[in-house]
Amino acid sequence: MHIGLIGASGRLGTLVCENLVQQKLTFTKIAREDLQNIPSFMQLLQHVSESMIILDISLPVGTENICNIINNLEEKNLKQIKGLVIGTTGHNDRQKQLLLSTSQKIPICMVSNFSKGVYLFEEILKAKTSQGLTVTELARALGFDMAMTEIHHTLKKDAPSGTAITLAEAGKIPAKQISSVRVGKVVGDHSIHLSADSESLEIKHTAHARKLFAEGAIELCKNIYTQAPKPGFLRKEDFFIS
Ligand SMILES: NC(=O)C1=CN([C@@H]2O[C@H](COP(=O)(O)OP(=O)(O)OC[C@H]3O[C@@H](n4cnc5c(N)ncnc54)[C@H](O)[C@@H]3O)[C@@H](O)[C@H]2O)C=CC1
Ligand SMILES: O=C(O)C1=N[C@H](C(=O)O)C[C@H](O)C1
């Protein structure tokens, strides 16, 4: 497997590069300039003789640029790209639409959080109780009010976090019930608070180190590359376990 990495010089990108080197996996850093036009990108593709999966962990504009490139590549060159894994968060509606149309050309997997714990968290929120209710439905029936908080480092650009949006969708928690805090160097905390008259409950995920996301991202790329799915929007659930 060869990885084309967008966002290689970033906080997460640096850790992905370190991990790829440790695993002796080959990769190419895709810089902002490589995504400016088709000739620049073609130059990069020609240097990478093998097929590759692209991992985007940059900013929404980086995602937009790679989508525009993919949509304008000739069919024969497109064959070299086995998929696009997006860890970047904070896309606007127009960028989400662009991702949807680009998925007709190549397989795309969007993962707001590469950790296994958040995947588990999401599944807990989507699970059914013994009465056939969702956790949220049961909580509300029992008189609990629900809200979410997410805490991240001060350099994070988007709010609420991509993970908070994903978890809120899974738990059918209204967006206005999400609070974002930016403080210090917090890697990523997500909590769902359930509060009733005389008791409260909290479901919390804490990312202890950013390398967690790097490991998860590479594992997901490997699984997608191995399974070689057809173009379309991929369900991350189908690729979290190898
Ligand atoms: N899915 C997940 O598990 C995780 C996702 N993230 C997301 O990944 C993204 C990056 O996070 P950090 O590394 O902390 O940010 P960062 O700001 O440290 O790095 C951003 C990187 O993107 C590059 N970049 C910016 N604009 C670009 C463009 N137009 N074209 C190509 N490259 C461009 C920068 O040069 C830099 O290398 C954010 O959206 C963040 O929310 C971060 C951690 C975990
Ligand atoms: O920017 C970050 O740092 C993180 N971003 C992702 C998000 O927006 O959910 C994942 C993780 O929480 C760290």
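This briefing describes the domains, sheet, cores and ligand surroundings of one protein structure. The model is predicted. The protein is divided into domain 1 (2-114 + 211-238) and domain 2 (116-206). Ligand 2 lies between these two domains, because both of them give residues to the shell around it.

**Domains**

- The centres of domain 1 and domain 2, taken over C-alpha atoms, are separated by 28 Å.
- Where the domains meet, 6 residues of domain 1 are in contact with 9 residues of domain 2.
- On the side of domain 1 that touches domain 2, there are 1 nonpolar, 5 polar and no charged residues.

**The sheet**

- An open sheet is formed by 6 strands in the order E2-E1-E3-E4-E5-E10, and their pairing is parallel.
- Strand E2 (26-30) and strand E10 (232-233) stand at the edges; each has a single partner strand, so one side of each is left without a neighbour in the sheet.
- Strand E1 (residues 2-6) runs parallel to E2, and 5 bridges join the two.
- Within this pairing, Gly 4 has Thr 28 in E2 as its bridge partner.

**Nonpolar cores**

- The largest nonpolar core contains 41 residues, and those with the most contacts inside it are Val 16, Leu 55, Val 85, Cys 109, Ala 217, Leu 220 and Cys 221.
- Helix H9 (residues 211-227) gives the most to this core, contributing 7 residues.
- Leaving aside neighbours within four places in sequence, Val 85 is in contact with residues including Leu 55, Cys 109, Ala 217, Leu 220 and Cys 221. Ile 53, Asp 56, Val 111 and Ile 224 are also among the contacts of Val 85.
- A second, separate core has 11 residues, among them Val 118, Phe 121, Leu 167 and Ala 168.

**Surroundings of ligand 2**

- The residues that surround ligand 2 are Thr 89, Ser 112, Asn 113, His 152, Lys 156, Ser 161, Gly 162, Thr 163 and Gly 188.
- The shell around ligand 2 has no nonpolar residues; its members comprise 8 polar and 1 charged residues.

How values were computed: Residues are numbered from 1 along each chain as its sequence is written. Chains are lettered from A and ligands numbered from 1 in the order in which they are written. This is a predicted model: local features need pLDDT of at least 70, side-chain atom pairs count only at pLDDT 80 or more; totals for chains, interfaces and linings use all residues. A residue is near a molecule or strand if its C-beta atom, placed from the backbone, lies within 6 Å of it. Ala, Val, Leu, Ile, Met, Phe, Trp, Tyr, Cys and Pro count as nonpolar, Asp, Glu, Lys and Arg as charged, and the others, Gly among them, as polar. Domain bounds come from an automatic or database domain assignment. Two strands pair if DSSP finds at least two bridges between them. Helices (H or I, at least four residues) and strands (E, at least two) are DSSP runs, numbered from the N terminus. A nonpolar core is a set of buried Ala, Val, Leu, Ile, Met, Phe, Trp, Tyr and Cys residues joined through C-beta atoms within 7 Å. A residue is buried if 20 or more other C-beta atoms lie within 10 Å of its own, exposed if 12 or fewer, and partly exposed in between; C-beta atoms are placed from the backbone. Two residues are in contact if their C-beta atoms, placed from the backbone, lie within 7 Å.
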